[in-house]
Amino acid sequence: MRRRRAAVAAGFCASFLLGSVLNVLFAPGSEPPRPGQSPGPSPAPGPGRRGGRGELARQIRARYEEVQRYSRGGPGPGAGRPERRRLMDLAPGGPGLQRPRPPRARPLPDGAPGWPPAPGPGSPGPGPRLGCAALRNVSGAQYLGSGYTKAVYRVRLPGGAAVALKAVDFSGHDLGSCVREFGARRGCYRLAAHKLLKEMVLLERLRHPNVLQLYGYCYQDSEDIPDTLTTITELGAPVEMIQLLQTSWEDRFRICLSLGRLLHHLAHSPLGSVTLLDFRPRQFVLVEGELKVTDLDDARVEETPCTGNADCILEFPARNFTLPCSAQGWCEAMNEKRNLYNAYRFFFTYLLPHSAPPSLRPLLDSIVNATGELAWGADETLAQLEKVLHLYRSGQYLQNSTAGSQAEYQRLPDSTIPQEDYRCWPSYHHGGCLLSVFSLAEAVDICENHAQCQAFVVTNQTTWTGRQLVFFKTGWSHVVPDPSKTAYVRVSG
């Protein structure tokens, strides 16, 4: 399997050098694609295919119009006059695109619109937007996975930066089911790629610290399909809930705070209130400890129309909610409430309360309960999460929680205790007890509450909140010099 994936990675890099990165076919499930594999002939449209290519053209037009709305709607970041060129009608040698002459195109379904404009010329971050030139000499290509429509790779750019590449999965469920129904591979590619384009537009329009950064995009020919689309984005690590449950409360709280900030942004975005219809943890990634949404092709901006409250039922597997129908004929805050309840059932209920400082538990429980009952909106939820951050970062949560020390500790500057570790949970170090503290008094309090603790070592490392990391030890029989640490050993009590 490792040899196969290595061969796949090498083949994927070579496809860039040949100017046809997207001619790979992605095998369904978890296996990476095999470069150059032929999909076989497309089936001819049959008589029982819901109107045949006319229906396919209707679906393409619907997705086209959706992308157009998001591309032009509101004064969001990156907005501006759309590029005049159309994605599926690029002139050879156009700006930012160098590609071979495309093969002769077969006609697309009658009535299908051309591609909508790409996002505006604004860059999502410092520096120019990346294009096809940045992908000519990539290295270390690694298949990360695929979903219903897209496949994702990790590559390293010539300058050393690692990025993620997304493209339509040529053997994925979305494209495959369309080809089986309509027998039009090129038109079905266009239908599937509009989801990738929609995501690209939304990443551009919804820029925020908790939205994955769009770095650029590239159009290249792939077999009989001209101008296939690849997006270039920030690279993140997948969200693994089992692993998160084993991390420190401080890191788990950071994820929940990131999510609260994201949901507040989505509730007040330049496009309106945005809901994530697919809210599973796999739609998010972690970038340096921050949670970021990466999959936006199933996002929706429009609120649900209604004539009465009975039209505003928000359904979940465990329970349902009925929201009010506004006088304007829209279900009030349904997009916002859907996001909040999903945040509760997938993240808050697992990550917020467990192993939290005891004095913060009542406030954390109220956040979990309020989001689980949809008693708060995104504004109040974020306000309470920010309050927890303030109490924790300022040390106010320690008031009345640390009693005066009954023991005496000797300070040993420029020293450490390399061994005599014991395990505690949760810890920043799996082989020892490494915790963050606000102050020396809190470190002493922790040591006195651990029966095996006889010493601790204060490091010069800090967490994202500025708290110092401290190793707790069972003894101090072997002390060695270390200018970056200070040891404290119990001498009485």
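A residue is called buried when its relative accessible area is under 20%, exposed when that area is over 50%, and partly exposed in between, as judged with a 1.4 Å probe on protein chains only. The structure is a predicted model, in which local features need pLDDT of at least 70 and side-chain atom pairs count only at pLDDT 80 or more, whereas totals for chains, interfaces and linings use all residues. Residues are numbered from 1 along each chain as its sequence is written, and side-chain values use heavy atoms, with hydrogens and water left out.

The confidence of the predictor in each residue is given by pLDDT, which runs from 0 to 100. Over the chain pLDDT averages 79, and 76% of the residues score at least 70.

Helix H2 covers residues 53–72, and its axis comes within 10 Å of the axis of H3, the two crossing at roughly 145°. Here axes are lines fitted to C-alpha atoms, for helices over the stretch in contact, and angles run from 0 to 180 degrees between N-to-C directions. At this crossing Arg-53, Glu-55, Leu-56, Gln-59 and Arg-63 of H2 meet Asp-174, Cys-178 and Phe-182 of H3. By class, the contact comprises 3 nonpolar, 1 polar and 4 charged residues, where Ala, Val, Leu, Ile, Met, Phe, Trp, Tyr, Cys and Pro count as nonpolar, Asp, Glu, Lys and Arg as charged, and the others, Gly among them, as polar.

The residues of H3 that are buried are Asp-174, Leu-175, Gly-176, Cys-178, Val-179 and Phe-182, and what covers them includes H2, strand E3 (162–168) and H4. Just after H3, Gly-183 adopts a positive phi of about 65°.

Because Cys-178 lies in helix H3 (residues 173–182) and Cys-188 in helix H4 (residues 185–205), the pair ties together parts that are 10 residues apart in sequence. Cys-178 counts as buried at 5% relative accessibility, and Cys-188 counts as buried at 1%.

Another disulfide joins Cys-306 to Cys-325 at an S to S distance of 2.1 Å, and its torsion about the S-S bond is about 95°, so the link is right-handed. This pair links distant parts of the chain, 19 residues apart, with Cys-306 in the loop between strand E10 (299–300) and strand E11 (313–315), and Cys-325 in the loop between strand E12 (320–322) and helix H7 (334–351). Both Cys-306 and Cys-325 are buried.

A further disulfide joins Cys-424 to Cys-433, with 2.0 Å from S to S. The torsion about the S-S bond of Cys-424 and Cys-433 is about 95°, so this disulfide is right-handed, and both of its cysteines are buried.

Technical notes: Helix = DSSP H or I, 4+ residues; strand = E, 2+ residues; numbered from the N terminus. Disulfide = S-S within 2.5 Å. Contact = heavy atoms within 4.5 Å.
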